[in-house]
Amino acid sequence: MEKLIEILEGLNPEVDYKTCEDLVDGRHLDSLTILALISEIEENFDVMIPTVEIIPDNFNSAKKIWKLIERLEDDN
Amino acid sequence: MSYFSLKYLIIFLLTIVVVYIFTPKKLRNLLLLLASYALFIKVSKKLVVFLLLSTLSIYFSALLMNKLDLKRNKEIEKVSKEEKKIIKEKYKSKKRIILILTILFNVAFLFYFKYLNFFKEIINIIFSSDLKILKIIAPMGISFYTLRALSYVIDVYNEKEEAERNIIKIMLYLSFFPIILEGPIASYADVKNEFDKKSSVTYHNFCFGCQRILYGLFKKLVIADRLNQFVKIIFKSYMNYSGSTIFLGAIFYTILLYMEFSGTMDVVNGSAEIFGIKLPENFRQPFFSKNISEFWSRWHITLGLWFKNYIFYPVSLSKPVKKLSTFLRNKVSVRFSSLTMGAIALFAVWTLNGLWHGAGFTYMLFGYYHFILILLGNIFEPLIIKTCDKLKISRNTKIYKFLQIIKTSILVFIGELIFRAKNLTVAFGMLKRIFLNFNITNTNFSIGLDIKDYIVLVFALIIVLVISILKEKNMNVREELSKKHIVIRWIIYYALIIGIIIFGAYGPGYAPVEPIYADF
Amino acid sequence: MKNIMNNVFKSIIFMFILLVLLGILSYVLLTNKENVKKYGINVVSNNEILSEEKNTIDVIAIGDSLIYSSISPMILWKNYGFTSFDCASAAQVISDTYKELKYGVETQKPKVVIMEADVLFRNPKKVPWYYKFTKIENYLSLFHHHNNWKKYLFSFINTNSNFTKENIFKGFKYINKTKPGTNFNYMHANTKKYVISDENAEYFEKIVDLCNENDIKLLLVSFPNMRRWTYSKSEEASELAKKYNIEFIDFNKNQDLLNIDWKTESRDGGGHLNYSGAIKATNFIGEYIKKYGILKDHRNDKKYNNWNEAYKYYIESLK
């Protein structure tokens, strides 16, 4: 989780990721940033994020992203 | 056909509403479907065959994919983890064949009706051949319903959406009369529950729907059609006018386009609202955007989402692009790799976005113009942040945000100028005059409009601006209004209706704007 | 149930107030308040001639829908420089035709009046009921005159132009549809005998007298009409014209005058001409009345500059 927040802060340092609940809907992460985030996650956590999973609901908060990663790790 | 015509509003819509009220719940969707097909056949006649073919193709391929899913799930149950993967792959490739065939089938129609001539034109230019350009009349709304059809099959393929068994709902999804002509490009998830409600026409729904339709009429008749007087002359004979006048024309055209298109959406969503059907919104105060990519998440939202979901992510996460990005990540940097990924996907998105708007070079230029702006925005963003920090400029002040909005608007004006220009020569000619002959003191305001027109325009725009600001502050303007005393409410309605009748730019001497998006 | 009744009641009140408001505003925005006295007589749009500047119209065309479908005053202006106006309404009865002309000569001094012969045969008792609805337009003429707000609102601002766009068609109705007519033998297919009723003949005499009093040249015309015109009507009308020594152009009997291509130049299967048919008919009439030598070409007269301006808008409106 800390690793994830570190990554997020590297991409856009102006958000408080512990509390923010509308990362996508509030446009804190635009689609290009999400792409960068996906590459970082795939690199650091050794998972594959399929296109289907890229919906606002999975990316709206750090918690949700973390849940997604855990779920994908399980699948592997 | 236009949603603003009396034929649609008074004759068609009102009749359907009356019949709907007396239709038993079970048959309501069928009635909407019949009305939708009646409208389609009235406009496109025999071409209804193509709508039916598209509908049947997605209906059956979705069912087929669904069947495969069920079979796969059964087989998977009893086997080991390794075997699971193999089985999954096997079914996936089967499903993929169905998906690809369905996509090709639907895109082929779209290509034939919309792009064959453009394709021939390009071939003629390259090989200086002489392929005949035939006039082809496309089925009504083909660009819109094809995108909706594709989104449904792709979602079913990805198991995001279940295959629908009720064919009436799928037929209605593609042909529903408010959305057939100009969208919104709703996903099936957006509307399936709405269709299930089969709500009655309640007093509340009826009033709210009519309100929204009136607001749309106001935007279109009072603002868009009035501005058209100026715009059509500027774009026809721009050579006679100074750069600043042409720039004013670009501003007016952008406002016109917004009022026309968002006004249409008000009529569309209002029409559906009467039947208790809530459609997704296509606009969210686009002119408050701070950069181009934000603009496109507020303007024609459903189209943007479609491209994001079905082009942007699939392309950027496709195997070859991923391979390239892994390579770049190791050799250069993470940032460079994700930028490259994004650039490739954005290029695909904006090529298709431009072409979707129309088969022509101006539309392609329009697409690439936005591609470059968004890409540059992303490349320079860190640099701008750094510069601001160094100069100790706070990026959170109102002035900074205001300047960002102005900058974005100017970029949008230029984009829409390219969009409206008849061909590339005109587009470049106009841009050249804007940059070389810009002379503020020599701005001609009185083209097709007099001072009194401007007074009406300013008042009308202030009304729209105030409503937009309230909406931007997350206020539900219509709910607030409905809480007001009946006298105040009625005064507002009367003012709106009479304002439209008196100040609307209709009748002899005015040429209304043709439904712009209906041609795409 | 009570709730529903309540809502229905509210809706009715709402519509009622709206109609009253529209009625009041229709009156307020009338160009010429004089029109009010013609309320209930015929369609307000015909009375638009009362909004034209005094003594500027040289040709008045009276009659039914065949007039506003066949004569475009703007084309007469462009090609001949004549100022004309169509004072016509759908399914007009001859008593109204007479009244139209009377209003016309109140403010104008026309030199030529063109009358469509179809009204001679219309029985006032047999006008379809739905034409009565056109009278509603009298009370809700706002849709017609809405642009007049420019005259009354912000009147302290001088826009330098008294030109209103509302009457650029000068009574002509532009309907550009094409529906071919096929009843080519219409002059002879219908062998029914038609007679002009005494009442209608009386009104015709009144019209002739009115023209003589005002020193107006009257021209009776029968525009191409496959649907209702017959050989018998031609005979009757021409006899009547002869009686009063009036010229009669019969485009139905003498079809070679216009050579109408029924495939492309009718808007409703032969009942009326469409725009390209109207251009032909208008030019023929223009050429014909030019030969009288009593009409002036005003195209270069500065006083008539707003006609040139109107022509520009007219052309724009056709697109």
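## Strand β4 of chain C

Strand β4 (residues 217–222) of chain C is mostly covered, with five of its six residues buried (20 or more other C-beta atoms, placed from the backbone, within 10 Å of a residue's own). Strands here are DSSP runs of E with at least two residues, helices are runs of H or I with at least four, and both are numbered from the N terminus. This is a predicted model, where local features need pLDDT of at least 70 and side-chain atom pairs count only at pLDDT 80 or more, while totals for chains, interfaces and linings use all residues. Residues are numbered from 1 along each chain as its sequence is written, and chains are lettered from A in the order in which they are written.

What does β4(C) pair with? Strand β3 (residues 112–116) of chain C runs parallel to β4(C), joined by five bridges (pairing takes at least two DSSP bridges). Here C:I114 has C:L219 as its bridge partner. Four bridges also link β4(C) to strand β5 (residues 247–250) of chain C, again parallel, and C:L220 partners C:F248 there.

## Chains A and B

Twelve residues of chain A are in contact with 19 residues of chain B.

Key
Contact = placed C-beta atoms within 7 Å. Buried ≥ 20, exposed ≤ 12 C-beta atoms within 10 Å, placed from the backbone.
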